[in-house]
Every structure is written in structure tokens, then in C-alpha cells.
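Visitor: Hi, could you walk me through this structure?
Guide: Happy to, let me put it on screen.
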Amino acid sequence: MDELFIQNIKKVADAKRIVVKVGTSTLTYANGKLNLRRIEPLVRVLSDIKNSGREVILVTSGAIGVGAAHLGLKERPRDIGGKQAAAAVGQCELMYIYDKHFSEYGHVTAQVLLTRDVVEDHDRKANVVNTFNRLLEYGAVPIVNENDTVSVEEIEFGDNDFLSAVVAVLSDAGALIVLTDTDGLYTSDPRTHSDAVLIPLVGKIDDRLREAASGAGSSRGTGGMITKLHAAEIATGSNIPTVIMNGSNPARIYDLFEGKPVGTLFI
């Protein structure tokens, strides 16, 4: 392996505080209902990583999609009121499932809902940082989502990829791991280009990479690869190595902490 890659994957392997972001497309089926076959092993892996002595913060999407399914809606709401109502229902469902599974492995969860105005205000941002630090000190697993129930355009993050990078910076994380429905960043959209090749290491995000990442996301999520690229840009700008990898097999997170190449590593 390339020496530069080895040096930087070691930073991920040595990280004591990690932020893991999981997207709607990884958490749910096409009908919006929770994919328990994904959630259960994800929680088990994160619990085991925590048992090894690391601190874990989970940034989760899925509240609106899960809420819409729970309400029996035929499709995800498009209006603000509908989205906020679905999020209110879905957030309860998400936290119930996460708390249930983490508690089975002896871990306490904490819900942290954020909006952009909170982290853009100096004093309120300081409170968020203090809350993260104290929760981790107490041994809890902070589970973070955007506060979609009250969020409007002026105060929303826009997508949870961006939120995960903000959380990584605020919490002074050692690594950011973004779980998605593809293996990482490709030279072009692998869904439409059969000759697309996975890019294992990115040292600089330029227009060529942005073009490669410009494909649309899934119908259930809000972003795509371009928003994940933006998250990596923010995190690496604060010296936080970032990995974009497939979330269909959460056990591959172990490979990262063993210094093995997984997905795309941004340095």
C-alpha cells in the first residue's frame, strides 16, 4: 500500500473519538420502514467499538422517512408542515429502536437534536460542545439528528452529511465515518457508468472530484455523494480524516480500525 495511505489510515485506526453518520438509504427499505437487518449489526459493531475504549457519536438520518411510513403515508411529505409532522413521529421511532438495541449491549443513549442557528451562535455552540463532552464523559452514546420538527430553511443544515461534519468538528473527533449505499467515491457514478473506478484515497477535493460526485442521491435521502464530499471537505479542513464507505455490512468498520483499506479515505 502507498505510504501516504498507511500513515493516514493509521490516524483513523488510532482515533479515540469517532463520529459515525448513517443515512436514510442505509437505515430503511424502499417503503420507508426500518431495515432491522442493518440497524442491529450496526449497533452491535458500534457497541463493541465503544467497549474497546473509544468514544462514539452517531449521526442518524431517517426521521422523516420512518415517520411517513409509521403514519401510513404513501410517500414522503414534500411540504414543510408534513415533513415536520413526519419527523416528530419518526424521531420517536428511531430513538426507541436505537435505545432498545444499545441497551442490550449495556450502553446508554442520548438524543441530541440540532439546528444551524444553535451552532452559529457562540454561546449556544459552547453549550453543545459542553453537552457532547459531558455525555461522552458519562459513557453515553450521543445520537444526533437535525431537529426537523422545528427546522425551516433559515436554520436547517440541509442534510445530515453536513451535520455530521459539523458534529465531528464541534466534538473534536479523531475520525468521521460516513456510511452510505455505495462503496465510496468513484471516478463517475457507478450506477450509470460501468467503467467507474473506486477512488481509495483523496488528498485534495477539486472540481474533477466534484463532477464525479455530482449524481443524485436516493429517493429516500436528501443528499448524494456531492454532500458527502462537502462533509469530507469540512472535516479534513479541521484535520479530521474522513471515510466514505458502504453501510450494508457494518462489520467492515472493524477493518478500518485494523488499518485495512475500506471505501474512500479523505486526508
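Our chat about this structure follows.

Visitor: What kind of model is this?
Guide: This is a predicted model, where local features need pLDDT of at least 70, side-chain atom pairs count only at pLDDT 80 or more, and totals for chains, interfaces and linings use all residues. Residues are numbered from 1 along each chain as its sequence is written, and side-chain values use heavy atoms, with hydrogens and water left out.

Visitor: What's the average pLDDT?
Guide: The protein averages 89, and 95% of the residues score at least 70. The pLDDT is the predictor's confidence in each residue, from 0 to 100.

Visitor: And where does pLDDT stay under 50?
Guide: Over residues 216-222, for which the model has 18 contacts beyond four places in sequence. Contact means heavy atoms within 4.5 Å.

Visitor: How many bridges join β1 to β2?
Guide: There are 6, and β1 (residues 17-22) runs parallel to β2 (residues 55-60). For V19, the bridge partner in β2 is I57.

Visitor: Switching to P142: is that one buried or exposed?
Guide: P142 counts as buried because its relative accessibility is 0%; buried means under 20% relative accessible area, exposed over 50% and partly exposed in between (1.4 Å probe, protein chains only). P142 sits in strand β4 (residues 141-146).

Visitor: What does P142 touch?
Guide: Leaving out residues up to four places away in sequence, P142 touches V56, I57, L58, A110, V112, F132, L135 and L136.

Visitor: New topic: what is the volume of the largest cavity?
Guide: About 40 Å³. On a 1 Å grid over the protein atoms alone, a cavity is a set of points where a 1.4 Å probe fits but cannot get out, and lining residues have an atom within 4 Å of a point. Grid points are joined across faces, edges and corners, and a volume is the space filled by probe spheres set on the points.

Visitor: Which residues line the largest cavity?
Guide: Its lining is V22, T26, L27, R38, I39, L42, L179, G247 and P250. Helix α3 gives the most, with 3 residues.

Key:
Helix = DSSP H or I, 4+ residues; strand = E, 2+ residues; numbered from the N terminus. 1 Å grid on protein atoms, 1.4 Å probe; cavity = no way out; pocket = protein on both sides within 12 Å on 5 of 7 lines; lining within 4 Å. Pairing = 2+ DSSP bridges.
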